[in-house]
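Here is a short report on one protein model. Look at the structure first, then read on.

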Amino acid sequence: MSERFYISTPIYYVNDVPHIGHTYTTIAADTMARYQRMCGKDTYFLTGTDEHGQKIEQAAQKRGMSPLQLADEVVQRYHKLWSLIGITNNDFIRTTEPRHKKIVQQVFQKLQAAGDIYAGDYEGWYCTPCEAFWTESQLGEGGLCPDCGRPTARMKEPTYFFRMSKYQDQLLAHIEANPNFIMPESRKNEIVSFIKEGLRDLSVSRTSFSWGVEVPNDPKHVIYVWIDALTNYISALGYDARIEPAGYVDDSLFKKYWPADFHLVGKDIVRFHTVYWPTMLMALGLPLPKHVFAHGWWTVEGQKMSKSLGNVVNPFQMIDTFGVDVVRYFLLREVTFGLDGDFSYKALIHRTNGDLANDLGNLVTRSLGMIGRYFDGIVPPADFCEQADEDIQALIIHTANEYHKYFAELAFNKVLASVWALVSALNKYIDEMQPWALAKDESKRNRLGMVLYTVADGLRAISNFIAPFMPDSAKKLRAQLGMSTEIAFADAVELANVNELKAGSKLGEVVALFPRLDEKEIMAKIQAEAAPVADKAAKDEKPQIAFDDFAKVNLVAGFVEDAERVPKSDKLLKLTVNDGKAKRIIVSGIAATYAPEDLKGKTLAFVENLKPVKLMGIQSNGMVLSATDAAGKHNLLFLPDGVPAGTIIK
Ligand code: MSP
């Protein structure tokens, strides 16, 4: 029977919609799962959503819905995104499902039966957004939460405790005996020092809110959200399944796949996965996951991603603009998995144009184009091998070896860098062999065939190498090479083989794999799409103001005497507005919605005392008001005809 492989992502909170951080982990896990399947392993890949807890209860309240309604809505966004990206998870677990809740309760009861849970009182400083209690000494400056920097509150409540302290030595011994349990090394060191400071017992129930799994036989308490959440990794497999009819009736998946090979997590949740979770498993008498790998965080153009800054990268928009494979490639190529990275659309455009369109894309079109031109699209025989060809073959074998080595370390960027070293070598090989020159000399036809065969066989290898990262592009490349588009186990075995492409076979249609992107055009599209989102974020975050603050703004009725387009601008209109006392020029970015004649003779609401600014060289004195929708369509605030210019609006 083939070897097993089990990989998981964190389960994502449903108080917010998916962003690039969630997308990143899930793409990494998917790439690893695809790689393992390609290598013939019986692979299980789990993701899902974390739907309980105070944060979700509060988010739902704010939106006037029940927590489950909110979860039902947000979970759809996750399903949609993962299907768009081609995520190959075997299951999707929601912590509100009966099959999960029952097992969480069973786990709790087992821990109780083992004497590892006891009742007591908990007193500490509580951070609601982080759902974490802190001791006095752990608090940051000014009593702030050491994780998120927000204020904490003193809280005392009855709680059940898990005897985590009991497992301190066993956990340290495990980490020592299994140096790759926590990856990368830097995270391991952090956790080891944390444990050595002394593990305290963990408060594992709450009475201050109710949105969670009830403690069996004590329904005033709900089970602490992290105990609930971490259990997903085994509940999805039917651990200890005794549930009928609402879930699994057998635990064969658990028997087959546990312990997990990799839990992929972000650096902020390492402690939960490498201290809480393993000690729980020890108490349950279960084996620990083989590896917990913590990746870094993405900032956006040097800044922390946050709703208030309006810079949260929306994966749907990214995919719409760049396509799935480009996004998958970029996220895993740009930064070392395990370190923080900075996201920018410019970097994404440069990688697409450089690595994908220029390097790989051109290699494909020019080499296969020549097989079309000189050999009617039939793969030539490989009969006249020289040193340069052997060097390429050796490089393919070398790349395959590096490929497996780096995948084992989850060093995705190194895997890709080594594949792209092969891409560059093939481009250089073509430049040096000059097949276009060989083609002019009939006596060199065999040599020409060998050169083009060597490149095409290199592309065959590349189509396998890129398959876990860019599944669609791999298929397209294989179709162009005239190969089956399905990646099978045999292809993984062939990773280190050369001369596998069948001479005499017919190429498919040659098309560009990655079109070049026009930076200006793309940046304009992104900015136009981002503006309404930033507006919304800005609105959500603004504090209340006193009437005096509002009164500082002069809102006035203005009569539009004239309107014209601003030359060389698609966006701007120049309006001549009568403000009741004089005429003034106002430049406004509304040309995509309104033509000048729509506005002439109309009365509009405008801000009269805004500092002048220059737009395309024209000074604008004020701003007309518009309710601009999410698609960027403007709706100006027209006033009824006859309202005198200069009338104050308040
Ligand atoms: N529900 C918990 C996990 C429970 S697992 C048993 C949770 N959810 S989360 O939705 O807040 O975060 C999920 C993951 O997204 C975390 O691994 C976190 O590190 C990751 N990211 C959130 N923002 C991120 C970036 N800016 N960059 C990269 N990953 C980030 O925590």
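At what angle do helix α13 and helix α15 pack, and how far apart are their axes?

## Basis of the model

This is a predicted model, where local features need pLDDT of at least 70, side-chain atom pairs count only at pLDDT 80 or more, and totals for chains, interfaces and linings use all residues. Residues are numbered from 1 along each chain as its sequence is written, and side-chain values use heavy atoms, with hydrogens and water left out.

## Two packed helices

Helix α13 spans residues 345–375 and helix α15 spans residues 412–433. Helices are DSSP runs (H or I, at least four residues), numbered from the N terminus. The two pack at about 45°, with axes 10 Å apart. Axes are lines fitted to C-alpha atoms over the stretch in contact, and angles run from 0 to 180 degrees between N-to-C directions.

Contact means heavy atoms within 4.5 Å. From α13, the residues that meet α15 include L356, L360 and M370. Among their partners in α15 are W420, V423 and I430.

## A buried serine

S473 lies in helix α18, residues 471–480. Is S473 buried or exposed? S473 is buried, because its relative accessible area is 5%. Buried means under 20%, exposed over 50%, and partly exposed in between (1.4 Å probe, protein chains only). S473 touches D325, I466, L513 and F514, leaving aside residues up to four places away in sequence.

## Cysteines

C39 is partly exposed, at 23% relative accessibility. C148 is also partly exposed, at 29%. The count of disulfides is zero, taking a disulfide as a pair of cysteine sulfur atoms within 2.5 Å.
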